Every structure is written in structure tokens, then in C-alpha cells.
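Hello,

Here is the structure for you to look over. My notes on it follow below.

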Amino acid sequence: MNNESIRENLKGNPRLKRLIDGMIMNQIQTRPRWFVRMLAPLYQHRGKHSVIHSSVRMDTPPYRKFSLGNYSVIESFCCINNAVGDVIIGNHTRVGIHNTIIGPVKIGNHVNLAQGITVTALNHNFSDPNKRIDEQGISTTPVTIGDDIWIGANAVILPGVTIGNHSVIAAGAVVTKDVPPHSLAAGVPAKIIKTI
């Protein structure tokens with residue numbers, strides 16, 4: 001039985017789902033419990049010569065995929081969270097200091113993420129004015145970052161965005177829409193400045 005069929009079966013039994021989720025995730029700290037984190041090397045895929053610095057917060061429960069490709073690096077003080085969707089990072093990719101990545105996110109090969117970047121596929125629902133926002137749940141829309149991309153410091157990549165191959169995102173940009181291949185995008189919200 002694969003993870004998707006297990007998830008589908010648990011949707012039909014919310015009480016069991018809450019119990020299992022409570023055993024795996026600390027509901028106050030919203031991260032995997034200490035004994036789950038200790039087992040992470042058994043269920044995370046780390047490629048040949050890949051490096052995850054010791055200060056990285058790996059919120060990667062075993063019911064979603066985390067994969068880091070060959071010769072890739074996740075630098076200090078990052079937060080990687082796959083609790084609501086898989087996080088897949090390709091080969092020869094560098095995730096810079098103090099980045100936050102919340103799945104589902106797929107990052108290609110030869111990608112350079114500078115410092116302080118947020119890549120998130122998660123949104124909090126807020127449409128019902130009669131409920132608190134924290135009662136309305138979340139929604140996710142996958143983010144895809146292609147190959148051979150440079151994202152400048154403090155950029156924000158929002159849910160549902162696809163960034164095409166051989167593109168550059170300027171420092172401080174807030175990317176709300178897809179970026180075609182061979183593009184330079186900058187600004188808030190980000191706009192295509194030129195073709196590379």
C-alpha cells in the first residue's frame with residue numbers, strides 16, 4: 001500500500017487520522033516529535049555528497065517525500081517543511097542561509113537560492129468571516145522551480161508559481177505568477193524585465 005492510498009483511507013476516518021498525526025507531529029510546535037526526527041535518516045533521501053547543515057530545521061514527517069539530490073547543499077538556519085506536500089530538490093542545487101521551503105515544492109538541478117528566501121506552496125484559508133482563520137484550514141498549490149535558476153536574496157515565491165529554466169529572480173521580488181524560461185523577473189509583484 002503506497003502513501004497516497006493510506007492518506008485516502010485516513011480521510012475516511014478523521015479520528016484515526018488525528019490520532020496518527022498527533023503521534024507523529026507535535027501539535028503545539030507544529031513539527032515532528034523528537035523520536036520521528038531521530039529516524040529521519042531512514043526515510044529521507046539524501047543524494048551522494050549532499051550536505052544538510054546541522055542548524056537546519058527539518059520538519060519532514062515520514063508520510064511525505066523529502067529528497068535532496070547529489071552534490072546539493074542546504075545551508076545553515078533553513079527550515080524545510082514537507083508536512084503538507086513533498087519537497088524534492090535536484091542535483092547541484094544550493095539552498096542558501098535562512099531559507100524557508102514549504103511543500104509541495106519541486107526544485108530542479110543547478111539552482112542557486114540566495115539568503116532569506118521563502119518558497120511556499122501553502123496558504124491559510126480565510127473566506128469565512130464567521131470563523132477564525134486558524135479554524136479554516138489550509139490549501140496548497142505546488143511550486144515548481146526549473147533547472148539552472150538563480151533566485152536573489154529575500155525573494156518570495158508564492159503558491160502555484162512555476163519558474164522556467166535558465167531564469168533569474170531579482171533580490172526582494174515577490175513572485176505571484178509563472179515566470180517563463182529565460183526570463184529576468186523583478187519587483188513587487190514581480191514582472192518580467194527582460195529575456196535572457
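Predicted model: local features only at pLDDT ≥ 70, side-chain atom pairs only at ≥ 80, totals over all residues.

Alanine 155 is buried, because its relative accessible area of 0% falls under the 20% cut-off. Alanine 155 sits in the loop that links β18 (150-151) to β19 (156-157). Setting aside neighbours within four places in sequence, alanine 155 contacts Gly116, Ile117, Thr118, Ile169, Ala170, Gly172 and Ala173. Glycine 187 is 32 residues away from alanine 155 in sequence, and the C-alpha to C-alpha distance is 9.5 Å.

Isoleucine 169 deserves a look too. Beyond its neighbours within four places in sequence, isoleucine 169 has contacts that include Trp150, Ile151, Gly152, Ala155 and Ile157. Ile163, Val175, Val179 and Ala185 are also among the contacts of isoleucine 169.

Now the core. The largest nonpolar core has 33 residues, and Ile74, Ile151 and Ile169 touch the most other members. At least two residues of this core come from each of β6 (66-68), β9, β12 and β17 (143-145).

Then the sheet. Six strands form an open sheet with parallel pairing, in the order β3-β6-β9-β12-β17-β20. β3 (45-46) and β20 (162-163) are the edge strands; each has a single partner strand, so one side of each lacks a neighbour in the sheet. Strands β9 (residues 87-89) and β12 (residues 105-107) run parallel and are joined by 3 bridges. Isoleucine 89 has isoleucine 107 in β12 as its bridge partner.

Best wishes

Note on methods:
Residues numbered from 1 in each chain as written. Heavy atoms only, no water. Pairing = 2+ DSSP bridges. Helix = DSSP H or I, 4+ residues; strand = E, 2+ residues; numbered from the N terminus. Core = buried A, V, L, I, M, F, W, Y, C linked by side-chain atoms within 4.5 Å. Buried < 20%, exposed > 50% of the residue type's maximum accessible area, 1.4 Å probe, protein only. Contact = heavy atoms within 4.5 Å.
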